[in-house]
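Subject: Handing over a structure

Dear colleague,

I am passing this structure on to you, and my notes follow below it.

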Amino acid sequence: MTFCCVVRDVDFEIIIVDDGSPDGTQDIVKQLQQAYGDDRILLRARPKKLGLGTAYIHGLKHASGNFVVIMDADLSHHPKYLPHFIKKQIETRADIVTGTRYVKGGGVHGWTLMRKLTSRGANVLAHTLLWPGVSDMTGSFRLYKKSVLEDIISSCVSKGYVFQMEMIVRASRKGYHIEEVPITFVDRVYGSSKLGGSEIVEYLKGLVYLLFTT
Amino acid sequence: MKHIAKIMTFLVAITAVWISLLQTAMIPQSHTWLLPLYLIVSLGCYGLLMVGVGLMQFPTCPQEAVLLQQDVIEAKQFLKHNGVDVGSD
């Protein structure tokens, strides 16, 4: 596993927040705990689906390190980029290192033309209205200083991927030092992601909310 | 300052410039009246252009999907070796 080889000399723990997935996630995590030790692999399950924001807070409560990386566990975020995040943080002393799909070296695979069009439109709109200072606002592969994450997470109330946007916009407004690294995003190999009319409405509502509150 | 306030300030500044242009009649009034329309049209053009350019230069990574599959196979073998059964789907 690439992950274990590259971060051998980094002190780490993996916290898995699982909202009762029906696919046997928890069984596999328990097996991983036996292989790697339950001080390295922490399972913090919750009985039912309670939303992304509270999942972050839940996971954060159990984090013991100085830095926290948040990533999706469905392999759309590849762990091979973790060293890039760490290197960038060490080089720049950044408070947040955020993965971006929209610069050279980054990219997306598995999106239809419609999905790309929506994504570009959403991005142009958000940049014109919010001037966030980062190129990828809705990505969720990010490294945070733990204290910074605790600070911004408490002021964020949105749901879904508007939550990602709210976190980075609030961090930017608070004057935190944000750096970017290119990442690639291979759309979910396991499970399926959705983007329909209701998501677009949620996004627009989120945009207006951020305009008035940040 | 909330972000909406910044945008409003910007809009007020532009309106002020426009009104002063109307007052001083540096350019013919019939042209000045059309300026806001031009502004909206150019804003729309800017938006469409940015979306178009973004779409044309949309970074894709088909090779990453192949690499990912290889990594998944490697990881499964590695995990099996370490006594973790992640299924065979």
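**What was found**

According to an automatic or database domain assignment, chain B has domain 1 (1-58) and domain 2 (59-89). The C-alpha centres of domain 1 of chain B and domain 2 of chain B are 51 Å apart.

Please bear in mind that this is a predicted model, in which local features need pLDDT of at least 70 and side-chain atom pairs count only at pLDDT 80 or more, while totals for chains, interfaces and linings use all residues. Residues are numbered from 1 along each chain as its sequence is written, and chains are lettered from A and ligands numbered from 1 in the order in which they are written.

Between the chains, 24 residues of chain B are in contact with 29 residues of chain A, a contact being two residues whose C-beta atoms, placed from the backbone, lie within 7 Å. Helices H1 (3-24), H2 (29-56) and H3 (62-81) of chain B each supply at least two residues of the side that touches chain A, and H3(B) gives the most, with seven residues; helices here are DSSP runs (H or I, at least four residues), numbered from the N terminus.

Within chain A, the axes of helix H7 (residues 160-173) and helix H8 (residues 197-213) come within 9 Å and cross at roughly 25 degrees, the axes being lines fitted to C-alpha atoms over the stretch in contact, with angles running from 0 to 180 degrees between N-to-C directions. H7(A) and H8(A) are therefore roughly parallel to each other (angles under 35 degrees).

With regards

Methods
Parallel < 35°, antiparallel > 145°, perpendicular 65-115°, else oblique.
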